[in-house]
Amino acid sequence: MKSFEDAVISIKPHFVEAILSGDKTVELRRRIPRVELGTRFWIYATRPTAAILGTAVLKEIIKASPLMLWNDYGDRTGVDSSTFKAYFHGSDMGFGLVLDDVQSIRPIELDSLRSTLGGFHPPQVFSRISHSDSNSLNELALF
């Protein structure tokens, strides 16, 4: 059985709220991170929240033109048409990360992340974490 790596993914706080509420099931990206299906994302809400608020499992990666992404998945992206168009302006290709098994957790604040994970810095997009760091996050999240 394959062992999937965990990763921390940075997302703006209002989008994190939409993911945790189930209104947003597709995270949009202009570039695709190198990540395997089945990876568990620790969802980090950027400033001003600055905390991990939940987890999700990467179910599927969609690669398509922005028009196709919008037509097929727009209602699952948590953004309106004008925001979508502005984000993908000038891009011929876009990516949708389909999230599954979304769970809210007890918030893990940035100070706690830094002390537990030894100098943690929030990633620009995402970063893989070690098995031992994943176990530490599990303990902090009370899994």
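Hi everyone, let's start with a pair of strands: β3, residues 40-45, and β4, residues 51-64, run antiparallel to each other and are joined by six bridges. Strands here are DSSP runs of E with at least two residues, helices are runs of H or I with at least four, and both are numbered from the N terminus. Two strands count as paired if DSSP finds at least two bridges between them. Within this pair, Y44 has I52 in β4 as its bridge partner.

A word on where this comes from: this is a predicted model, where local features need pLDDT of at least 70 and side-chain atom pairs count only at pLDDT 80 or more, while totals for chains, interfaces and linings use all residues. Residues are numbered from 1 along each chain as its sequence is written, and side-chain values use heavy atoms, with hydrogens and water left out.

Now the whole sheet. Six strands make an open sheet with mixed pairing, in the order β2-β5-β4-β3-β1-β6. At the edges sit β2 (26-29) and β6 (126-129), each pairing on one side only.

What about the inside? The largest nonpolar core has 27 residues, and I9, I11, F41, I43 and L69 touch the most other members. By core I mean buried Ala, Val, Leu, Ile, Met, Phe, Trp, Tyr and Cys residues joined through side-chain atoms within 4.5 Å; buried is under 20% relative accessible area, exposed is over 50%, and partly exposed is in between, with a 1.4 Å probe and protein chains only. β4 gives the largest share of this core, six residues. There is also a second, separate core of 15 residues, with V8, I52, I105 and F120 among them.

Let me zoom in on I9. Beyond its neighbours within four places in sequence, I9 has contacts (heavy atoms within 4.5 Å) with residues including R29, F41, I43, L97 and F126.

On to the largest pocket, which is lined by 14 residues; K12, F15, E27, L28 and Y87 are the closest to its centre. A pocket, on a 1 Å grid over the protein atoms alone, is an open set of points where a 1.4 Å probe fits, with protein on both sides within 12 Å along at least five of seven lines, and lining residues have an atom within 4 Å of a point. The largest share of that lining, three residues, comes from β2.

Last stop: H121, in the loop between α4 (110-116) and β6. H121 is exposed, at 60% relative accessible area. Thanks, everyone!
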